[in-house]
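Good morning, and thank you for coming. Please look at the sequence and the structure first.

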Amino acid sequence: MLGEEGGLPFTRLLQWSDEKTKHLASSTTVAKSNPPNALAVMDSFAVRQRGHALKEKTRSRLTDRRSWKLPKQTSSIAPSHVWTNADQDPVPEDKRTWTKWAFIGYWYSDLVTVSTWTAASAIMTTGLSATDAVLIVLVAAICNAIPTVLNGAIGADLHIPFPIACRASYGYWLSYFCVISRGVLALFWFGVQSANGGACVTAIITAIWPSYAGFPNTLPKSAGTTSQGMLSYFVYWCIQFPLLLIPSHRLQYLFWVKTVLVTPMALAMVIWITVVAGGQGHFFYAPATVSGSTRAWLWLSNLTSVTGGYSTLAVNIPDFSRFSKTRGAQLWQLPFIPIFKTLVGIFGIISASASKKVYGTIYWSPLDIIAQWQGSPGGRAAAFFAAAIWLLAQVSVNISANGVSFANDVTTLLPRWFNIRRGVVLVSFVGGWALCPWIIVSSAAAFLNFMSAYAIFMAPIAGILFCDYWLVKRRRYDVPALYDPDGIYRYGSAWGTNWRALVATLVVVVPLLPALAKKVTPQNVAVSQGLQNLFTFNWLYGFFVSVFLYYALNWFFPDATTLIPSVVPGDAPVIRAVDADAESRGTVDDKEREDVGAGSGLVRAKEVDTAVV
């Protein structure tokens with residue numbers, strides 16, 4: 001009982017409690033009698049609360065750099081002193097959703113594109129025949145498929161992304177060189193692909209409003225684009241941005257939508273132009289205009305060009321194969337990469353040949369053919385739907401080949417500040433706007449040559465990844481040690497470097513650098529013919545020589561600490577409910593952590609709907 005000096009007497013306390021109960025009951029009765037008003041009050045209060053929270057959050061983001069720091073998550077596998085987030089951990093079982101059909105859809109998304117369509121027919125401009133072009137595309141596709149499947153096994157077996165996987169072969173800290181190299185390429189090509197996507201938007205808008213074709217230009221020539229081109233690019237960017245936020249384990253649905261829509265459209269375009277032309281055209285049967293050694297070197301040069309275009313995917317495929325539902329699901333990439341790439345290349349050659357007969361001009365790109373349909377209402381309708389579907393194809397390949405790849409890289413480099421969602425937002429703004437990709441596409445020929453040739457770094461990385469996992473360590477990795485900067489994959493070095501991988505990479509890359517410089521500035525650099533010839537097949541050279549050197553160095557100078565007798569999986573007894581691709585959605589209640597952890601040794605991270613951007 002409370003005394004007078006301690007506050008209210010007990011009797012007054014009971015009376016006060018009864019009054020409050022009656023008041024609450026009265027309020028409840030009013031709410032029940034007039035539920036719309038009550039709900040309106042509650043909704044208004046909730047809106048004000050959210051508005052206030054958004055205001056405080058915005059002010060914090062603008063005034064305090066530390067507010068951008070992600071909440072530190074307890075990793076299921078990394079040491080407690082290592083800053084990490086859920087996007088770097090091995091994929092939990094409930095997120096392993098990719099079946100063989102998902103991988104088939106993924107490669108359909110990556111290969112049925114405008115660039116693949118034009119690649120094969122563009123080979124014929126060098127003097128080779130249509131048969132040469134088809135064979136080159138087929139061989140290049142096989143060269144892409146084999147290392148892709150071999151390195152994809154790392155993700156399918158261990159469910160870890162590329163930036164983590166390459167620590168086993170390059171060492172914990174040297175692996176960051178691989179991550180940065182791949183990230184730079186992904187950032188650059190994201191911008192270039194986005195700039196090309198603007199052409200699809202131009203065709204769509206012109207089909208609706210033909211006057212858009214004469215949209216007045218107010219930009220100077222130095223801008224590298226026109227007012228029409230900039231507006232089309234902005235529309236494309238706005239369409240692409242929300243699709244970038246789709247979690248990786250759900251991208252398969254986007255791929256299937258593309259598959260359903262693009263297939264009949266591409267077939268219809270090829271069949272239509274072939275019928276109108278009365279056949280494939282003479283261009284398809286034209287013989288090669290070169291012979292002898294010149295033809296042989298052109299063969300190798302074009303093979304390298306077509307192979308190099310997808311060289312990054314042979315490296316970063318664990319970013320996607322880690323979502324495999326079964327270990328064998330990713331094996332279906334092996335037959336379908338050559339099938340898709342070759343068929344689309346044939347479509348490009350046939351349509352280019354037929355366009356010569358129909359229009360009197362060779363149109364390498366399907367968008368150039370679509371542009372010829374704008375003269376009638378029926379033609380504009382066809383142009384609208386075809387361009388819209390090619391737009392979807394462009395967005396899909398940019399997400400899968402560049403956006404997600406860069407996001408994984410920056411998440412590994414700066415886990416304190418970035419996860420997958422923030423990574424795709426960053427690439428969207430930096431690659432999409434800061435790089436001014438429309439200027440690069442329109443005028444920076446030297447820079448385009450440099451970035452194309454920059455892929456010389458991807459071949460040795462792909463070769464060393466394959467050799468280390470399959471031949472040296474025989475598919476036996478200690479997954480928890482990959483997350484430990486002081487673990488066995490430090491290779492006993494203060495720099496966290498596997499010198500064997502470093503030597504193999506340098507031996508491959510250094511002889512190619514003079515020819516790379518000549519490719520960028522051909523007038524200022526003199527290079528021997530032998531080095532130029534070596535550069536023409538740099539991908540094949542880089543892959544096979546790196547495999548041989550790395551295996552030989554490990555044979556004569558093995559690192560016993562990393563040659564473990566059996567695989568140590570990363571499936572720790574920790575169940576993580578945080579969505580690996582959502583923006584830091586979960587926080588862990590301290591009391592719940594203590595109660596659950598003490599009872600079972602398991603920790604569950606609570607999932608909440610609030611996104612921290």
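This is a predicted model: local features need pLDDT of at least 70, side-chain atom pairs count only at pLDDT 80 or more; totals for chains, interfaces and linings use all residues.

Glutamine 252 is placed in helix α10, which covers residues 251–277. Helices here are DSSP runs of H or I with at least four residues, strands are runs of E with at least two, and both are numbered from the N terminus. Residues are numbered from 1 along each chain as its sequence is written, and side-chain values use heavy atoms, with hydrogens and water left out.

Is glutamine 252 buried or exposed? Its relative accessible area is 8%, so glutamine 252 is buried. Buried means under 20% relative accessible area, exposed means over 50%, and partly exposed lies in between, with a 1.4 Å probe and protein chains only. Leaving aside residues up to four places away in sequence, glutamine 252 touches Thr97, Trp98 and Ala102; contact means heavy atoms within 4.5 Å.

Trp98 also belongs to a cluster linked by ring pairs, together with Phe103, Tyr106, Trp107, Phe255, Phe320 and Phe323. Rings of Phe, Tyr and Trp (for Trp, the six-membered ring) pair if their centres lie within 6.5 Å; planes under 30 degrees apart count as stacked, over 60 as edge-to-face and the rest as tilted.

Tyr106 leads us to helix α3, where Tyr106, Ser109 and Asp110 meet Ala393, Ser396, Val397, Ser400 and Ala401 of α17. The residues of this contact comprise four nonpolar, three polar and one charged. In that count, Ala, Val, Leu, Ile, Met, Phe, Trp, Tyr, Cys and Pro are nonpolar, Asp, Glu, Lys and Arg are charged, and the others, Gly among them, are polar.

How far apart are the axes of α9 and α18? They lie 10 Å apart, and the two helices pack at an angle of about 165°. Axes are lines fitted to C-alpha atoms, for helices over the stretch in contact, with angles from 0 to 180 degrees between N-to-C directions. The angle makes α9 roughly antiparallel to α18, a label for angles over 145 degrees, while those under 35 count as roughly parallel, 65 to 115 as roughly perpendicular and the rest as oblique.

From α9, Met230, Tyr233, Phe234, Trp237, Phe241 and Leu244 meet Val424, Val425, Ser428, Phe429, Gly432 and Trp433 of α18. Ten of the residues in this contact are nonpolar, two are polar and none is charged.

The whole structure contains 40 aromatic pairs. In one of them, tyrosine 233 and tryptophan 433 are edge-to-face, at 5.1 Å centre to centre and with 80° between the planes. Because tyrosine 233 lies in helix α9 (residues 227–244) and tryptophan 433 in helix α18 (residues 420–434), the pair ties together parts that are 200 residues apart in sequence. Tyrosine 233 is buried at 4% relative accessible area, whereas tryptophan 433 is partly exposed at 24%.

Finally, the overall picture. The protein has 27 helices and two strands, and 49% of its 613 residues are buried. Of the contacts between residues at least 6 apart in sequence, 81% join residues at least 24 apart.
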